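This report describes how parts of a model meet one another.

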Amino acid sequence: MRNIDTEPRAVPLFRNIHEHPQAPYDVAALRRTVRILDTQVRDKPLTYLDNAATTQKPQSVIDAVSSFYAADNANVHRGVHLLSQRATEAYEDARETLRTFINAPNLREMIFTRGATESINLVAHSWGYANLAPGDEILITHMEHHSNIVPWQIVAQTTGAKLVVAPVNDRGELDMQAYQNLLGPQTRMVAATHVSNSIGTINPIKEIAALAHDAGALVLADGAQAVPHMAVDVQDLNVDFYVFSGHKMYGPTGIGVLWGKEHLLRDMPPYQSGGDMILSVDFEKTTYNSLPYKFEAGTPNIAGAVGLAEAVRVMQGIGMDAIEAWEQDLLTYATGKLHTVPGLEIVGEATNKAAVISFTIEGIHPHDVGTILDREGVAVRTGHHCTQPLMKRFGIPATTRMSLGMYSTPEDIDALVEALLKVVEVFES
Amino acid sequence: MNPLQDLYQQVILDHNRSPHNFGALEAATHHGEGHNPLCGDHYHVHVVVEDDRIADIRFEGDGCAISKASASLMTGVLKGLPVAEARDMAARFRHMITDDVSAQTDEALGKLRVLAGVREFPMRVKCAALAWHTMTAALEGREEIVGSDSDETG
């Protein structure tokens, strides 16, 4: 894996921006397995550029979910019958596949959740209520998704801890000097996004974590927007918690992961309680199950886990480095092409960026842009992207955001730019 | 006309670029504030009510072309109307933009009818409705920030 903390990204300086980059794998073949990409919307071929909101699913992911229900469905960790064994194996195999995906040291640290939001809530509630006191600080960044702000805000209000925000510079990068200055013995937790969902900035999580640890704080990284775009190694990053969602990495909705260091998870109280998370219950005392089951109360999303594991196999089959290289080429191509649209300004021009571009067009509100693009078959997100503080930081209410996936093509970007020129034409009339 | 041309008619683009009755109103007797958080459309509506009549009305704020044109057209139509008629106009307008697509457009709405195309765009109805909700809240003396009914998240 490339060390994103120290190496600047190589940007080809002399390539003609109108020249299509060449993919390192067969994107056309991949697209044929993602059938929704071949649909028509409003009598136009679909151009799907809203991958940061959710990704489309390869047929093998859909088939994995469907054949689990058709052939293996039963509850897990219960009963001695064959189907229950098969379901348990499928679920635990999925856990192992996800473990390899982020290079976690062991399965006890791999907790299935509903998604990144639930994973953050789990840590904020379980770790936060047990460990935070008045005078303690939780340090977040100005570019967090609401899901990495609000849970901490709620825990802070209850425990008397303080929520502190590290600033972002004009390019949309974390101000590392300011971040360092805000760290101190009072800092108990640093919660930072690995990749910004609204402007694509890749944060130097490894460096953020090392500095936090020097100050004696723990680190939670929100990897929801990182795992679809690059290889992630939680041991190399050396964070304490890493969270992500399945549906943003070509898997089903309603399944996600919390990875946490075992000694921390062991000391944390259960988040939700019920079946599967207990060893024995009587009315006087309940003994909790071991990790990871202590944090998986109730029947889990078994089919979701199975589908997510298949999504990992699809991505690993292509290779995370190949996906990253292709998306970076497309990002460079898109950045060049978008600048040809009159009045277009890109919001967030970090040196290290994932394949997400937010932009504004002078005098045209993003919602008007989105409506016209939709009529041209182009799906993008318009709005604040659940990052209102970041929008305020840039003095704008909203942006239009295009976000790429492993199956994106230069033709998708051409279709977007052509549609944007139509937007400008409508508003110039 | 295709639905898009119908939505972004010249009149709407003109009102977006140069809104009428735009700005503060010192003598206002009634104020309302409206905000649709998802898109960020945010307006203040100021009204001078004299003898149960809207003697003057202006608006301030920012948002998309549909919300701004709607606010601009609204102020033009309501100025001088009795308060009861303004309320009636708000109901008729709401009916028009949420109507069945094939429904006849209410003639009484006059130049507001350029916004009838919004009903083809369910996601944009709340944009057109915002100024009207804000005006109604102002007349009722409601001080909270109002929004259009919306299904947005974030």
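## Two domains in chain A

The centres of domain 1 of chain A and domain 2 of chain A, taken over C-alpha atoms, are separated by 28 Å. Domain 1 of chain A covers 27-57 + 319-428, and domain 2 covers 61-316; such bounds come from an automatic or database domain assignment.

This is a predicted model, in which local features need pLDDT of at least 70 and side-chain atom pairs count only at pLDDT 80 or more, while totals for chains, interfaces and linings use all residues. Residues are numbered from 1 along each chain as its sequence is written, and chains are lettered from A and ligands numbered from 1 in the order in which they are written.

Domain 1 of chain A brings 29 residues to the contact and domain 2 of chain A brings 28. Two residues are in contact if their C-beta atoms, placed from the backbone, lie within 7 Å.

On the side of domain 1 of chain A that touches domain 2 of chain A, helix 11 (320-338), strand 14 (356-361) and helix 13 (388-393) of chain A each give two or more residues. Helix 11 of chain A gives the most, with five residues. Helices (H or I, at least four residues) and strands (E, at least two) are DSSP runs, numbered from the N terminus.

## Where chain A meets chain B

In the contact between the chains, 15 residues of chain A meet 14 residues of chain B. Helix 12 (366-375) and helix 14 (410-428) of chain A each supply at least two residues of chain A's side, and helix 12 of chain A gives the most, with five residues.
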